[in-house]
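Please consult the sequence and the structure while reading.

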Amino acid sequence: MNQQNNPFGAGSAYSDQTSGAVTYDAGLRAHMIRLFNAVAAGLAVSGVAAYAVYSIPPLAALFMNPIFSIVLLIGLMGFLWFGMNPNKLLQQSLSAVRTKYYIFTTLLGASLAYIFAVYTGDSVVRVFFITAAAFAGTSLLGYTTKRDLTGMGSFLLMGLIGIILASLVNMFLKSSGMAFVISILSVLIFTGLIAFETQTAKRMYNAANSDDTNHKLAIVSALGLYINFINLFQTLLRLFGDRR
């Protein structure tokens with residue numbers, strides 16, 4: 001298979017100076033496919049959870065309650081910080097890491113049930129595929145670029161903190177203009193983070209690691225990409241979604 005037909009293998013190629021042949025790191029390619037499969041599975045679980053909660057009135061009333069939503073968000077942040085800490089996850093069994101990942105994606109998905117009540121089904125589907133296309137293109141860029149994105153990643157993380165603070169302030173100001181600016185900046189930040197985290201995931205892979213270790217690394221990386229996908233999806237939905 002040549003490089004043009006194998007975009008996810010292109011970044012892992014190296015030249016054999018003796019024969020001039022190009023050898024692809026099949027292990028890295030398999031690692032990245034495993035990672036993106038985990039992202040896709042997490043999104044599928046979240047989608048099912050969101051629609052299931054929306055379809056069951058008592059659950060919908062509970063998860064769409066503002067106070068419960070805030071408590072759930074704080075709980076998810078705590079679970080992410082303490083239960084999904086990358087260093088701790090690597091010391092746990094693969095089954096435990098996988099279970100925690102799907103618990104998180106299920107609960108976060110349940111918290112997204114509101115989108116089916118606020119936006120039309122057609123616009124939710126349309127924006128999801130727009131997000132998926134943007135995610136795929138940005139991830140491919142992050143995988144194939146030779147530029148070190150570490151500096152950009154630090155800048156984007158600082159920008160993310162600024163966006164969060166600005167969003168909290170706008171909860172009281174309720175400025176539509178400020179909300180629009182925040183959404184535009186959020187799109188730029190989340191797409192940039194997708195490229196950065198894809199490159200980071202690629203660098204985390206080590207052929208010398210055991211298969212279990214690399215599998216856990218794939219799930220850890222998938223978690224970050226999954227969260228950025230969800231954030232980008234919600235931002236694009238606010239910009240382009242059709243409200244009921």
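Helix axes are lines fitted to C-alpha atoms over the stretch in contact, and angles run from 0 to 180 degrees between N-to-C directions. Helices (H or I, at least four residues) and strands (E, at least two) are DSSP runs, numbered from the N terminus. The model is predicted: local features need pLDDT of at least 70, side-chain atom pairs count only at pLDDT 80 or more, and totals for chains, interfaces and linings use all residues. Residues are numbered from 1 along each chain as its sequence is written, and side-chain values use heavy atoms, without hydrogens and water.

Two packed helices are described by the angle between their axes and the distance between the axes. The table lists two such pairs.

| Helix pair | Angle | Axis distance |
|---|---|---|
| α8 (residues 121-144) and α11 (residues 211-240) | about 130° | 9 Å |
| α8 and α10 | about 45° | 7 Å |

Angles under 35 degrees count as roughly parallel, over 145 as roughly antiparallel, 65 to 115 as roughly perpendicular and the rest as oblique. Helices α8 and α11 are therefore oblique to each other, and α8 and α10 are likewise oblique.

Contact means heavy atoms within 4.5 Å. Where α8 meets α11, the residues of α8 include Val 127 and Phe 128, and those of α11 include Phe 229 and Leu 232. The residues of this contact divide into 14 nonpolar, 2 polar and 1 charged. Ala, Val, Leu, Ile, Met, Phe, Trp, Tyr, Cys and Pro count here as nonpolar, Asp, Glu, Lys and Arg as charged, and the others, Gly among them, as polar. Towards α10, the contact residues of α8 include Thr 138 and Tyr 143, while Ile 194 and Lys 202 are among those of α10. This contact comprises 4 nonpolar, 6 polar and 1 charged residues.

**The nonpolar core**

A nonpolar core is a set of buried Ala, Val, Leu, Ile, Met, Phe, Trp, Tyr and Cys residues joined through side-chain atoms within 4.5 Å. The largest one has 56 residues, and Leu 35 and Tyr 101 have the most contacts inside it. Its largest share, 13 residues, comes from α11. Beyond four places in sequence, the contacts of Tyr 101 include Ala 38, Met 84 and Tyr 226.

**Two individual residues**

Buried means under 20% relative accessible area, exposed over 50%, and partly exposed in between (1.4 Å probe, protein chains only). His 31 lies in helix α2 (residues 26-55) and is buried because its relative accessibility is 2%. Lys 174, in the loop between α9 (150-173) and α10 (176-204), counts as exposed because its relative accessibility is 67%.
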